[in-house]
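Hi everyone, thanks for coming.

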Amino acid sequence: MKKIIIDCDTGIDDALALLYALKRKDVRIMAITSTFGNCSALQSAINSLKMIELANPGYFIPVYVGSEYTYDGKKTPYSTFVHGDNGIGDVLLPQPQNEPQQNAVDALIDIIKENPYEITIVALGRLTNIALALDKAPEIVHLVKQLVFMGGTIYHCGNVGPLSEANIAGDAISSKIVLEAGFNAIQVGLDITQSTLLTRNDLDYLLKNARSENKAIANYINQSMVKYFQFNHEASNMIDCCPLHDPLAMLIALNPQLASISYYPCTVETNPESICYGMLVADTRENPIQVNPIGLALRCDKRKAVDLLISIFC
Ligand code: BDR
Ligand code: CA
């Protein structure tokens with residue numbers, strides 16, 4: 001059984017990643033910790049609880065509220081224009097029966113320490129909670145089995161700056177702390193997520209073929225994608241499709257054979273005056289800077305990834 005903690009800002013694509021993990025019988029989600037980004041950390045936690053109750057995994061998963069602020073104490077605007085006012089495309093789901101708990105940072109530390117070398121953290125939002133956990137308990141870096149994070153871009157252009165991606169740039173200081181800490185880390189960024197596409201045909205297939213216990217999930221996914229398709233049409237001229245950012249990170253975390261990984265020392269630009277602010281910098285030189293190498297998932301089997309995602313519900 002693979003033990004994971006999912007740290008996310010539950011927006012439309014985070015929710016899809018959660019639903020995939022919730023349906024994997026060989027995966028135990030030890031906790032979901034929330035962060036700000038697509039919505040507030042509290043809203044993210046509520047959305048995660050809604051996904052748990054929609055998927056009905058058959059075991060209890062605690063959901064903890066995390067930081068509402070960047071590492072240096074700033075409140076940043078939520079991506080409502082992408083994910084809707086409630087983070088999940090303004091789709092209305094029943095209020096969850098369980099409640100979110102405090103506090104994500106302590107929960108991360110406790111669960112990692114109780115399960116040494118066993119926990120994979122799948123981080124789908126800002127890395128704030130993990131940076132704060134490192135401040136309190138730096139030893140966790142060696143107790144985590146793997147950190148797989150969605151964020152950054154190496155060759156593709158950025159989505160919030162010329163070279164910056166939303167999760168890394170959304171709290172650049174936390175990103176730098178976490179990426180340089182020494183985790184066994186795998187990066188899944190825009191180089192592959194932006195071109196891993198969920199299409200109208202995939203959704204129609206899902207609606208038609210979802211197993212009876214997953215019909216409500218299929219309907220929810222279909223409804224939430226209305227907003228996401230619309231945003232991606234306006235922003236990137238995509239027609240009847242959207243990129244799979246967080247779902248691809250989750251798919252690679254749980255199916256590592258999907259991607260080929262190249263290791264490079266990485267850091268993050270934190271100079272607020274720089275046009276490259278929030279850029280994930282991979283040093284590919286022969287004599288690179290002396291920081292922790294990160295595994296960059298620069299190639300992956302995109303069609304296989306989408307098929308794996310859809311087929312878990314069918
Ligand atoms: C990332 O930003 C968020 O909007 C998505 O959920 C994803 O984690 C993509 O840049
Ligand atoms: Ca996210």
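Let's start with two residues: both L124 and D246 are buried, where buried means under 20% relative accessible area, exposed over 50% and partly exposed in between, with a 1.4 Å probe and protein chains only. They are among the ligands of the calcium ion (ligand 2), which is coordinated by D9 (OD), D14 (OD), D14 (OD), L124 (O) and D246 (OD) at 2.2 to 2.7 Å. L124 sits in the loop between β4 (119-123) and α5 (128-136), while D246 belongs to helix α11 (residues 245-254), 122 residues away. Donors here are N, O and S atoms within 2.8 Å of the metal, or 3.2 Å for Na, K and Ca; water is not among the atoms, so the site may look incomplete.

A word on the model: it is predicted, local features need pLDDT of at least 70, side-chain atom pairs count only at pLDDT 80 or more, and totals for chains, interfaces and linings use all residues. Residues are numbered from 1 along each chain as written, chains are lettered from A and ligands numbered from 1 in the order written, and side-chain values use heavy atoms, without hydrogens or water.

Now, which residues of helix α9 (residues 200-209) are buried? They are D202, L203 and L206. These cover an arc of only 100° around the axis, which puts them on the same side of α9; the arc is that of the directions from the helix axis to the C-beta atoms. The face turned away carries the exposed N201 and K208.

Overall, the chain has 12 helices and 11 strands, as DSSP runs numbered from the N terminus (helices H or I, at least four residues; strands E, at least two). Of its 314 residues, 59% count as buried.
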